[in-house]
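Dear colleague,

Please find below the structure that I am handing over to you. My notes on it follow directly after.

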Amino acid sequence: MLTFRKSDLQTMIDHCTAGLPNEACGMLAGKAGKVEKIYCMKNAKPGPDFYEMDAEEQFRVMKDIRDAGLEMVGMFHSHPTGQAYPSSVDVEKAYWPGTQLPNYPDAVYVIISFMDRAKPVARGFSIEEGKVDEVRLSMP
Ligand SMILES: [Zn+2]
């Protein structure tokens with residue numbers, strides 16, 4: 001389970017809305033399955049069904065997360081026209097290139113679908129060894 005504040009979800013939705021019709025992305029920092037801080041990031045290779053984080057920005061964010069005493073608990077990206085479910089590319093990208101080693105083994109991948117733009121849908125997943133499992137998103 002990953003816990004958010006409602007305002008955090010809104011921050012992600014706003015960032016992804018601004019990125020339409022392309023995908024948008026960012027990282028989630030926190031502790032023990034609780035999100036404390038959202039990092040809205042640049043899509044370095046924007047496309048309607050593609051995103052890639054800027055390596056330099058990603059490095060800076062990871063450092064900022066460590067400096068704040070937090071952990072990278074997850075990542076988010078949008079699916080402008082697709083379902084809130086990991087695509088085959090998302091599953092592939094969850095690994096270090098050319099290996100079966102997970103990129104971020106404990107990360108929750110949050111996907112926000114804009115199939116209905118008036119009602120974006122967010123779902124969370126773990127991707128391990130090519131297996132996709134749903135992680136419940138909780139917004140108390
Ligand atoms: Zn995706």
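In this predicted model, A29 stands opposite M72 in β4, where helices (H or I, at least four residues) and strands (E, at least two) are DSSP runs numbered from the N terminus. The bridge partner of A29 in β3 is K37. Both β3 and β4 are paired with β2, a pair of strands being defined by at least two DSSP bridges between them: β2 and β3 are antiparallel over seven bridges, and β2 and β4 are joined, also antiparallel, by six bridges. The hairpin of β2 and β3 has two residues between the strands, and A32 there takes a positive phi near 45°.

Two conventions apply throughout. Residue numbers start from 1 along each chain as its sequence is written. As the model is predicted, local features need pLDDT of at least 70 and side-chain atom pairs count only at pLDDT 80 or more, while totals for chains, interfaces and linings use all residues.

Six of the seven residues of β2 are buried; a residue is buried if 20 or more other C-beta atoms lie within 10 Å of its own, exposed if 12 or fewer, and partly exposed in between, with C-beta atoms placed from the backbone. The largest nonpolar core has 29 residues, and L28, M75, Y109 and V110 have the most contacts inside it. Such a core is a set of buried Ala, Val, Leu, Ile, Met, Phe, Trp, Tyr and Cys residues joined through C-beta atoms within 7 Å. At least two of its residues come from each of α1 (6-19), β2 (25-31), β3 (34-41), β4 (71-79), β5 (108-113) and β6 (121-128). β5 gives the most, with five residues.

Beyond its neighbours within four places in sequence, M75 is in contact with C25, M27, L28, A107, Y109 and V110, a contact being two backbone-placed C-beta atoms within 7 Å.

A122 lies in strand β6 and counts as partly exposed because it has 18 C-beta neighbours inside 10 Å. With neighbours within four places in sequence again left aside, A122 is in contact with L9, A84, V110, I112 and L137.

Overall, the protein has three helices and eight strands, in the order β-α-β-β-α-β-α-β-β-β-β along the sequence. Of its 140 residues, 30% count as buried. Residues 24 or more positions apart account for 63% of the contacts with a separation of 6 or more. The C-alpha atoms fill a box of roughly 35 × 35 × 30 Å along the principal axes.

Yours sincerely
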